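Trainee: I would like to go through this model term by term. For each label, please give me the value and the cut-off behind it.

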Amino acid sequence: MKVKKYVVKNMNEAMAKIRNELGKDAIIVSQRKVRKEGIKGYFTPKMIEVTAALDRYNKDNEKKQSMDSIKALIYNKQEEQKRALISEKQIDKKDKIIENTDSANENIIKEVIEMKNMIKELQSNRMETKDENDIDSFIDSLDISKESKKRIIEEILKIDSDNDIEEKFKISLEKIVPEYEDKERKIEILIGPTGVGKTTTIAKLAGRKALLEKKKVGLITIDTYRIGAVEQLKTYSEIMNIPFKVVYSIKEMDEALEELKDCDSIFIDTTGRSAKNTMQISELRAYINKIPNKLIHLVISSTIKNKDIKVILQGYGVIDFDSIIVTKLDETSNYEILIDALIDGNKPISYMTLGQSVPDDIKKVSKNFIIDLIVGDKVI
Ligand SMILES: Nc1nc2c(ncn2[C@@H]2O[C@H](COP(=O)(O)OP(=O)(O)O)[C@@H](O)[C@H]2O)c(=O)[nH]1
Ligand SMILES: [Mg+2]
């Protein structure tokens, strides 16, 4: 801490001097009107005495250095006081700077100001450390992948506010969670691993379109591998009385789409593929590439582990899907898995499914809904 007094005619002069001598980081500690010393002082306008300080304390210093600087400060002050006692009051006529020439009282005031600032600085350093510990233990408590933790910490550190860690977490999610923009496309395709709920979700989406929106809906399945898979969707199509086509080859896809051309909406169900089997995924991609005017949703289950989510999203990453549908949220209360899905997938979540009931247990979700769910402001 460097403190200097300036006796000047006006504040402009003071600012120029402070800037020149102490630099732009100096702060003004006090200012008061004074007279020049001696008889002359009564015949000249009052001057301003400005005290400015420059905090030279380096935030990055270790504790030892801060202790050293306090020791040095105290030593300097003691020396200063000794000098002050034996020296005459003087004004340096050249630049009107009074340095180390004030009374012992003024030195004490100066010292108190410096010590106060020093304590403030040490306190704020301690708070920063406490804050960092808070962030670490909070992030550690989240059941998410290492990469997701890193990403959230990055966002939290960008936040320049006094909010508590939970609020900072929420603010960071605002940056991470994208909003799903509903693109009206005639064809919607669901892809994803086996058993996550693709067929059930197709039935829900088709049912809502047909029953609630009164649209003409068609269903196609290319899931001809699993025994019973065709029957499952066929049963739904019969209950809802909507046309249903089974496609066994890429060529048949064109024909099925042609036959359903009068429909407002067509939903296509696919076979569950292992995300690790690149051959199977490439085959699926070949089917999908043939389909025009489409929206692709990747279906994942909220009941799987974080590391599996990563594998699925990486494996399916070769297909340019538009959104993620998260199923079976009724079976878990770990909504943190949504963070991994969003960060690993880098795609918005469009729907969540919350049970086996067709067509009721599905919900289109907004960014705010997802954030509230993750931070615990909402339960489902
Ligand atoms: N609890 C619960 N079960 C679901 C949900 N969605 C689907 N399922 C069940 O998950 C199982 C697999 O669903 P299915 O649609 O056949 O999955 P697919 O293999 O991806 O087509 C079935 O027993 C469904 O009833 C859901 O949101 N919640
Ligand atoms: Mg299925």
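Mentor: Start with a helix pair: the axes of α11 (residues 337-345) and α12 (residues 367-375) come within 9 Å and cross at roughly 135°. This is a predicted model, where local features need pLDDT of at least 70 and side-chain atom pairs count only at pLDDT 80 or more, while totals for chains, interfaces and linings use all residues. Residues are numbered from 1 along each chain as its sequence is written, chains are lettered from A and ligands numbered from 1 in the order in which they are written, and side-chain values use heavy atoms, with hydrogens and water left out.

Trainee: What makes α11 and α12 oblique to each other?

Mentor: The angle is roughly 135°. Under 35 degrees counts as roughly parallel, over 145 as roughly antiparallel, 65 to 115 as roughly perpendicular and the rest as oblique, and α11 and α12 are therefore oblique. Axes are lines fitted to C-alpha atoms, for helices over the stretch in contact, with angles from 0 to 180 degrees between N-to-C directions.

Trainee: Which residues make the contact of α11 and α12?

Mentor: From α11 they are Leu338, Ile339 and Leu342, and from α12 Ile370, Leu373 and Ile374. Contact means heavy atoms within 4.5 Å. The residues divide into six nonpolar, no polar and no charged; Ala, Val, Leu, Ile, Met, Phe, Trp, Tyr, Cys and Pro count as nonpolar, Asp, Glu, Lys and Arg as charged, and the others, Gly among them, as polar.

Trainee: Why is the pair α4 and α11 called roughly perpendicular?

Mentor: Helix α4 (residues 146-158) packs on α11 at an angle of about 85°, the axes being 9 Å apart. That value falls in the perpendicular range, and the two helices are therefore roughly perpendicular. Ser148, Arg151 and Ile152 of α4 meet Ile339, Asp340 and Ile343 of α11. That contact divides into three nonpolar, one polar and two charged residues.

Trainee: How many helices and strands are there?

Mentor: The protein has twelve helices and twelve strands. Helices (H or I, at least four residues) and strands (E, at least two) are DSSP runs, numbered from the N terminus.

Trainee: How do you know that the buried residues of α7 line one face of the helix?

Mentor: Helix α7 (residues 229-240) has the buried residues Ala229, Val230, Leu233, Tyr236, Ser237 and Met240. Buried means under 20% relative accessible area, exposed over 50% and partly exposed in between (1.4 Å probe, protein chains only). Down the axis of α7, the buried residues fall within an arc of 135°, so they line one face. The arc is that of the directions from the helix axis to the C-beta atoms. These buried residues pack against α6, β6 (217-221), β7 (244-246) and β8 (265-269). The face turned away from the buried side carries the exposed residues Glu238 and Ile239.

Trainee: What are the buried residues of α5, and what is their arc?

Mentor: They are Ile165, Lys168, Phe169, Ser172, Leu173 and Ile176. They fall within an arc of 145°, so these too line one face of α5.

Trainee: What span is expected for α5, and what does the helix reach?

Mentor: The twelve residues of α5 (165-176) reach 16 Å from the first C-alpha to the last, close to the 16 Å expected. The expected span is 1.5 Å times one less than the number of residues. For α7, also with twelve residues, the reach is 17 Å, close to the 16 Å expected.

Trainee: Is Asn241 buried or exposed?

Mentor: Asn241 has a relative accessible area of 69%, so Asn241 is exposed. The residue sits in the loop between α7 and β7 and has a positive phi of about 55° although it is not a glycine.

Trainee: And what about Lys328?

Mentor: At 26% relative accessibility, Lys328 counts as partly exposed. Lys328 also has a positive phi, about 60°, without being a glycine, and belongs to the loop between β10 (323-327) and α11.

Trainee: Is Val196 buried or exposed?

Mentor: Val196 is buried, with a relative accessible area of 5%. The residue lies in the loop between β5 (187-191) and α6 (198-212). Not counting residues up to four places away in sequence, Val196 touches Val299, Ile300, Ser301, Thr327 and Lys328.

Trainee: Where is the cis peptide bond, and what is omega there?

Mentor: The cis bond joins Val358 and Pro359, with omega about 0°. Pro359 is in the loop between β11 (349-353) and β12 (362-364).
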